[in-house]
Amino acid sequence: MTEKPESNQKLPRLYKIALGVSLALNLAVAGLIGGAALRFGEDARGGLRSAGLGAYGLPYMLALPKEERRQVMKAVRSDHKGPVPDRAARRALYAAVLSDLRAEPFDIEALSGALNTQAETTIAVQKSAQTAWLAVVAQMSDSERAAYADDIEDVLRRGPRRKK
């Protein structure tokens, strides 16, 4: 009689490892493709197509070369003329609004005051950034400014340029 092969033959260990690695690579590739689709898709939140009114300066900053962008941000952080808040100060401003929203009895004047403080802080930071940005643009040659204007158009059309 001929022997029947066992139906419970085990796969060699090397095959199991190869299958595991293959599955991991497939999942990694699928994750990269899915992540890119979410980030760079038409309806992606990270794009500039749906930038709100508070994002007027964003395309100008994104189009700047990296070193000039750092120069503007450094100037904003070191500007002592206006209140440029750190993270703790910004959180305190939000905490004041949340506290006013939860207060009983509700005090619309207190909430309005907290929002006004946030608005004044935002305007101070924006003015500081605008002054620093204008200083950078003033140092550009005519051809550099024209190329920079083209870069701004590219940012507005496609979103931020990718790191090189």
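1. Nonpolar core. The largest nonpolar core of this predicted model has 13 residues. Ala63, Leu64, Val72, Trp133, Val136, Met140 and Tyr148 touch the most other members. A nonpolar core is a set of buried Ala, Val, Leu, Ile, Met, Phe, Trp, Tyr and Cys residues joined through side-chain atoms within 4.5 Å. Buried means under 20% relative accessible area, exposed over 50%, partly exposed in between (1.4 Å probe, protein chains only). At least two core residues come from each of α2 (58-63), α3 (66-78), α5 (108-138) and α6 (142-158). α5 gives the most, with 4 residues. Helices are DSSP runs (H or I, at least four residues), numbered from the N terminus.

2. Tyr148. Beyond residues up to four places away in sequence, Tyr148 touches Tyr60, Met61, Ala63, Leu64, Trp133, Val137 and Met140. Contact means heavy atoms within 4.5 Å.

3. Asp100. This residue sits in helix α4 (residues 87-102). Leaving aside neighbours within four places in sequence, Asp100 contacts Phe106, Ala110, Leu111 and Ala114.

4. Overall. The chain has 6 helices and 0 strands. Of its 164 residues, 18% count as buried.

5. Basis. Residues are numbered from 1 along each chain as its sequence is written, and side-chain values use heavy atoms, with hydrogens and water left out. In this predicted model, local features need pLDDT of at least 70 and side-chain atom pairs count only at pLDDT 80 or more, while totals for chains, interfaces and linings use all residues.
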